[in-house]
Amino acid sequence: CALALQGGMLYPRESPSRERKELDGLWSFRADFSDNRRRGFEEQWYRRPLRESGPTLDMPVPSSFNDISQDWRLWHFVGWVWYEREVILPERWTQDLSTRVVLRIGSAHAYAIVWVNGVNTLEHEGGYLPFEADISNLVQVGPLSSQLRITVAINNTLTPTTLPPGTIQYLTDTSKYPKGYFVQNTYFDFFNYAGLQRSVLLYTTPTTYIDDITVTTGVEHDSGLVNYQISVKGSNLFELEVRLLDAENKLVANGTGTQGQLKVPGASLWWPYLMHERPAYLYSLEVRLTAQMSPGPVSDFYTLPVGIRTVAVTESQFLINGKPFYFHGVNKHEDADIRGKGFDWPLLVKDFNLLRWLGANAFRTSHYPYAEEVLQMCDRYGIVVIDECPGVGLALPQFFNNVSLQNHMRMMEEVVRRDKNHPAVVMWSVANEPASHLESAGYYLKMVIAHTKALDPSRPVTFVTRSNYTADKGAPYVDVICVNSYYSWYNDFGHLELIQRQLTTQFENWHKMYQKPIIQSEYGAETIVGFHHDPPLMFTEEYQKSLLEQYHVVLDQKRRKYVVGELIWNFADFMTEQCKWQFGLWDKVPVLIFSGCLANAGHFNCKNIGNSGEAGLIHVGCVENFVGKVSCA
């Protein structure tokens, strides 16, 4: 059984007993440019409206603050920034004492402190996961309780114990730098965007309410099994009714109590995109709580989408619903111009239309948990997810310390708590390219992986490595080997003729030693759109195309044996730090550029969709600037 987690993190959904009020839009904003970055605390900016302590900017939420202003200092600002929003609550929220009012923040990168009407309400560390607090006692007292002032202070500083980690470097040569000058050093290749990057909202529940639901599914002969556990807070005297409805809203199973199993004869299974004629089938689990309270009966309703599917791993296969599955897809980033990592529905829907147009069936959430709405889209569209925590940049020995380990395990608890019910999530990734050759990393990764397995025994666990197969101290503990390699790009520059030999050797060595399925979790080449040369030279579109073709020769051979996936780096260009070895500011290793134009990608050959159960073979970069069609031979 799974390790119990304290408290739920159900996605806020409206129901007959629940309301939600979005707080997206313009917030007041100020960065603390003082030398110690602590003027806001010294002057207690949270005690009164932010405008009264100095000038503010309009800041859209959700968004990263870095790209919004013309003030160049915000681009690379490190330290505390302050957000504020004034809200008027519905009167029934403030007058009905049987209503519980919750403030929920989708993410705040990286450390956040929240005040409501000047009262310290909650704090949270970790930039990519939601956190919330019951603020009923602050809004249901006094004559001005309907007027709410929410203040959020966010610090984006990365330290050796944060995830991702970083270091602060003070530059002390006063002939070059002013006194106290410092820079943030990071050990990953994407820009450290920050701010309120996902939605902020208020929602209500009754005071006795459904706190959490955990669902696991199985298949027995032709029947689907839905196992549920439900936690309730606010009272010990209650009744629970559970109903499972199909996609046509017809009742297919029902139950009672806090735990049980629903059996669905002839169940429609959740299949990945291109693996079934009706992929991504979702049921609805309706939970109704009834409690007897002193003022009278109380009811709470919550509906959870459920996909019935199984996941299993053998020495050479990754199985979904008992059939071999091949990860054909991409790595991504939550990253766009102007918005930074701010959530954006139009961009998300466009991305999914492009993914399906490409024929992709999977992606990894490199290198942090994506917004909950992204995973909801994956559930609906049948896009399989390797769900990765922010364990990226673990490059130095000092990052593998006991404080970091505790933070990492807590982070995995939050990831699993939030994402455990998504059928699209088939595997957890606890890290990307850690220094896994270190002895300290071996113990660290062993502990994090074991903790994650205890949290969720139903899914395999991995991390993504670039270490040598003989030196990797964490590989013995994973269920699937995920390996990144960039042959003829980061080494043997320009020598495309070496790729097949080196990639073949890589796969054979890893599988011989560990007898586990392997995913080529990153591969690719940087290119500049419109840059051409024949014969191919590095950074040309022709070189990217040729490099990918060399990889695909080997991948097509090994997928028949023990390679179970290939994820190209990267779906779209993304922002990086400024440096001398990157062309411009965008990482140019994309399948697509943000305008939606193809960057030397696009011809995907969809074969082997039939009896093998495998999704279509997807290859990127097979034609130059191909636009328009997917070939299904």
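Biologist: In this predicted model, what stands opposite Val 330 in β30?

Modeller: That's Ile 568. The pair sits where β23 and β30, residues 563-568, run alongside each other in the parallel sense.

Biologist: How do you know that β23 and β30 pair?

Modeller: Count the bridges: there are 4 between β23 and β30. Pairing takes at least two, so these strands qualify.

Biologist: Which helix goes with β23 and β24 in a β-α-β unit, and what is its handedness?

Modeller: Helix α4, residues 345-358, and the unit is right-handed. The term means that, with the strands pointing away from you, the path from the first strand over the helix to the second runs clockwise.

Biologist: Why is β23 called largely enclosed?

Modeller: Because 5 of the 5 residues in 327-331 are buried. Each of them therefore falls under 20% relative accessible area.

Biologist: What makes the link between the side chains of Arg 18 and Asp 300 a polar contact?

Modeller: The distance is 2.8 Å, and the cut-off is within 3.5 Å, for a donor and an acceptor, so it counts. Arg 18 is also in contact with other residues, including Tyr 203, Tyr 209, Phe 301 and Tyr 302.

Biologist: Why are β20 and β22 described as standing at the edges?

Modeller: Start with the sheet: it is open, antiparallel, and ordered β20-β21-β22. β20 (311-313) and β22 (323-324) each have a single partner strand, so one side of each is left without a neighbour in the sheet. β21, residues 318-320, and β22 have 2 bridges, and at least two are needed, so they pair. Leu 319 has Pro 324 in β22 as its bridge partner.

Biologist: Which residues touch the most other members of the largest nonpolar core?

Modeller: In that set of 131 residues, they are Ile 213, Leu 285, Phe 318, Phe 327, Phe 352 and Phe 363. Leu 285 touches Ile 213, Val 242, Leu 262 and Leu 304, among others. There's also a second, separate core of 34 residues, with Trp 27, Leu 122, Ala 133 and Ile 154 among them.

Definitions and conventions: Residues are numbered from 1 along each chain as its sequence is written. This is a predicted model: local features need pLDDT of at least 70, side-chain atom pairs count only at pLDDT 80 or more; totals for chains, interfaces and linings use all residues. Side-chain values use heavy atoms; hydrogens and water are left out. Buried means under 20% relative accessible area, exposed over 50%, partly exposed in between (1.4 Å probe, protein chains only). Contact means heavy atoms within 4.5 Å. A nonpolar core is a set of buried Ala, Val, Leu, Ile, Met, Phe, Trp, Tyr and Cys residues joined through side-chain atoms within 4.5 Å. Lists of a residue's contacts leave out its neighbours within four places in sequence.
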